[in-house]
Amino acid sequence: MDGSERRPGGTAAAVRSGERAREGRSLGARGAAVTAFALIVLTACSTDSSQEFDGPYGARFTEALSRATSDFEREVLADGNVTRAEYEEAVHRFTGCMEDSGNHVTLIDQGGYYVYEYRQGAGAEEAFERCAEGTTRLIESLYHSLVANPENQDWDEVTLACLKREELAPQGMTLEEYRDAIGVKGISFGGVEGEQSAAGSMTLPFSTDDPRFVACQMNPALGTGSR
Amino acid sequence: MLRRMLSSVIGAALVAIGLCGVAAPASADINCTIMVSKTSTSTTASMGTCQMAQARIDRYAGGVATTYKGPLDVKSYVYNASGTNAGNYARGWLYSVYSAWYIV
């Protein structure tokens, strides 16, 4: 680590240390106190941001932990995993906050994770954003990925594999053919905010209302659960 | 017939009001692109060059406009077939900042 190379102990540091010793005990004591305080602050500040994780979502956990805004998020993310109980607790905190602000949220299970149903109305959107902060915002994304794509593979690839497993997509369908057929378009923000590419249209060789298609979109690792 | 038309107009107005409520969100300009697709009952959003994306579908039933939000993640999918489709939307997320919602 770079930090160890910068610690006092080299020639220049020794010279500075000797000079400081000649400046008297009170200044030395003050310097020691300042140094100790700085070390404590540096240690405390570096604990969370320097934590790194292994596994398919290691980088995502590191990134999420660095963006955590609540002790609850930090505690959940600290071990590089999100359990079902932790996810449920995050959702419980979120819906509780929404209820407190007068907005009822219905949870709908969608292949092992929740989507949120709520009535549009004054303040609902603002409350949703405020309540998600520090509760579900970072935790649900990781939980969703862990249950729907546990190996962190290409999402289109695992979805196509699911569709083939469900015997809906032709076994010979390539990833490129699948991507062409789902009619994806781009929405750009920033420099050309909101500019949209030409809308594509789905040309899949099966109905997008087929429960197997819906199931594979919801959770490609699970599909309908029957295969 | 007239009642149905009136109901649709009121519904559209409610949806428009709801959309106005989210069109000026706590968001800022983010410089990235998401990839989206839709059906009459679902919205899909992938992160593209953003860090994450979120899919949303609004449904209208019995005089009430209801929002359904998928997870904020590298890929987000939300499905709902109740009532009638009142709009497919998606937004991007980059460095803790959301884009506004955009029509898919």
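In this predicted model, helix 9 and helix 11 of chain A are roughly antiparallel to each other, because an angle over 145 degrees counts as roughly antiparallel and their axes cross at roughly 150 degrees. The two axes come within 9 Å, with helix 9 of chain A spanning residues 155-165 and helix 11 of chain A covering residues 211-218. As for handedness, helix 9 of chain A goes past helix 11 of chain A in a right-handed crossing.

What do the two helices of chain A bring to this meeting? From helix 9 come A:Thr159, A:Cys162 and A:Leu163, and across from them helix 11 puts in A:Arg212, A:Phe213, A:Cys216 and A:Gln217. Sorted by class, the contact between helix 9 and helix 11 of chain A is made of four nonpolar, two polar and one charged residues.

Elsewhere in chain A, A:Arg137 sits in the loop that links helix 7 (124-132) with helix 8 (139-148). Is A:Arg137 buried or exposed? A:Arg137 has a relative accessibility of 10%, and the limit for buried is under 20%, so this arginine counts as buried.

The side chain of A:Arg137 has polar partners in two glutamates. One is A:Glu129, whose side chain is joined to that of A:Arg137 by a polar contact of 3.0 Å; another is A:Glu133, with a side-chain to side-chain polar contact of 2.5 Å. Once neighbours within four places in sequence are set aside, A:Arg137 touches A:Glu129 and A:Ala132 in chain A, and B:Leu72, B:Trp93 and B:Tyr98 in chain B.

Terms used. Residues numbered from 1 in each chain as written. Chains lettered and ligands numbered in written order. Predicted model: local features only at pLDDT ≥ 70, side-chain atom pairs only at ≥ 80, totals over all residues. Heavy atoms only, no water. Helix = DSSP H or I, 4+ residues; strand = E, 2+ residues; numbered from the N terminus. Buried < 20%, exposed > 50% of the residue type's maximum accessible area, 1.4 Å probe, protein only. Polar contact = N/O pair within 3.5 Å; in protein donor to acceptor, adjacent residues only side chain to side chain. Contact = heavy atoms within 4.5 Å. Axes fitted to C-alpha atoms, helices over the stretch in contact; angles between N-to-C directions. Parallel < 35°, antiparallel > 145°, perpendicular 65-115°, else oblique. Left-handed = near helix turned anticlockwise from the far one by under 90°. Nonpolar A, V, L, I, M, F, W, Y, C, P; charged D, E, K, R; others polar.
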